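Dear colleague,

I am passing on a structure that you have not worked with before, and my notes on what was found in it follow directly below the model. Please keep in mind while reading that the model is predicted.

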Amino acid sequence: MDPSDTLRNKCAACYRQFNRKEHLVEHMKTSYHSVHEPMCGYCGKHCRSFESLREHLIGPLPKAECERVFRDRGCDICLNIFSSRNAVRVHRDTCQLSYGNNGLLHRFASLGIQDNLRTDSGKTRAVALACKMVGGGSDASLDLCAKVCIIDEYENILFRSYVKPHFPVTHYRYETTGIRPEYLRDAMPLRQVQRKIQEFLCNGEPIWKIRPRGGKARILVGHGLDHDLRCLELEYPAVKIRDTATYPPLMKTSKLSNSLKYLTRVYLGYDIQSGIQDTYADCVATMRLYRRMRSQPHRHENYPLATDPQNKNNFASWRQSELERMSPDELLAISRSDFYCWCLDSKDYA
């Protein structure tokens, strides 16, 4: 085979090579490569997740030249590559975060209950929510929400309360929750907590009118939010949910979720959830992850999603002959993402 044919059939994103152009076209139809994928700062390779990018740079079988450059002037938290070692040192002062003294002050300041959540609380467009569960049922395997915390983008507590579940508690899981029976005796009933949170998130907008972009409804950030919302018996539109457990760039290469403890250590640079776990610390971690992902400097596209109507014919079967005449770079230029990149939220803040 002519080497030029192999180069002609090489994916411009992940660098996979194909024997025939039609195979490359088929690959592009199903891979959904886009500017929103994590990329190697040296060779430009697109990776499906940051974990995949980490393996490319410093994994068991890294790309040799990329590994050399990354170890010399790369940041092992955000995985960016800089122009010099000095630039990396300066960058790490802002990239590596810590819960630190500020977090301790928040914890001591918020030992009391802060349950006066109003629709006009805070001016933030995004809020983070975290819950702690106690056990119910004969074997204590039923998760019952017993504590909830909501913070704004600036890590201020908007709502923090113990919750009285509908069902009897059979195990308080004190080792991780720190919750004792007396804390729930006069706690706010679940139904009242649910109503307060629902009204706050919708922010005066009927839930059936909430749109993906714009509007008054708030973006809800968290980790494993499907579980938290189910335990709160609360419904909220998926288009307004930003879940660090299911966001593709933050997932494992096996497409399974990473724990919040792991994500915080690897992508923020500090540890949480040691011993008794704090809902405030979980909220802060998810909000920081969200803001870091939202600030990714991706190239602007008018219609960034593969599901946008304007992109439905990009790889249509009737265009097969035309697509096979395109170069790999041209194929990549019309390829779009199959997930909503959080950098798109920043457009609403502009």
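Asp 72 is partly exposed, since its relative accessible area is 32%, whereas Arg 85, at 53% relative accessibility, counts as exposed. The side chains of these two residues, Arg 85 and Asp 72, meet in a salt bridge with an N to O distance of 2.6 Å, and this pair links distant parts of the chain, with Arg 85 in helix α5 and Asp 72 in helix α4, 13 residues apart.

Helix α4, which covers residues 64-73, also holds a pair within itself, for Glu 67 and Arg 71 both lie there, 4 residues apart, or about one turn of the helix.

Through shared partners, salt bridges bring Glu 37, Arg 48 and Asp 338 together into one network. The structure holds 19 salt bridges.

Turning to the domains, the assignment gives domain 1 (9-95 + 298-347) and domain 2 (102-295), whose C-alpha centres lie 32 Å apart. The contact takes 21 residues from domain 1 and 22 residues from domain 2, and the area buried between the two domains is about 1900 Å², with carbon and sulfur atoms giving 59% of it. Of the area that domain 1 buries against domain 2, Phe 50, Glu 51 and Trp 342 supply 40%, more than any other three residues.

Across this interface the rule finds 1 salt bridge and 6 residue pairs in polar contact. On the side of domain 1 that touches domain 2, at least two residues come from each of α3 (50-58), α5 (85-95) and α15 (346-349), and α3 gives the most, with 5 residues. The residues of that side divide into 10 nonpolar, 4 polar and 7 charged.

With best wishes

Terms used. Residues numbered from 1 in each chain as written. Predicted model: local features only at pLDDT ≥ 70, side-chain atom pairs only at ≥ 80, totals over all residues. Heavy atoms only, no water. Domains from an automatic or database assignment. Contact = heavy atoms within 4.5 Å. Buried area = accessible area lost by both parts, 1.4 Å probe. Salt bridge = Lys/Arg side-chain N within 4 Å of Asp/Glu carboxyl O. Polar contact = N/O pair within 3.5 Å; in protein donor to acceptor, adjacent residues only side chain to side chain. Nonpolar A, V, L, I, M, F, W, Y, C, P; charged D, E, K, R; others polar. Buried < 20%, exposed > 50% of the residue type's maximum accessible area, 1.4 Å probe, protein only.
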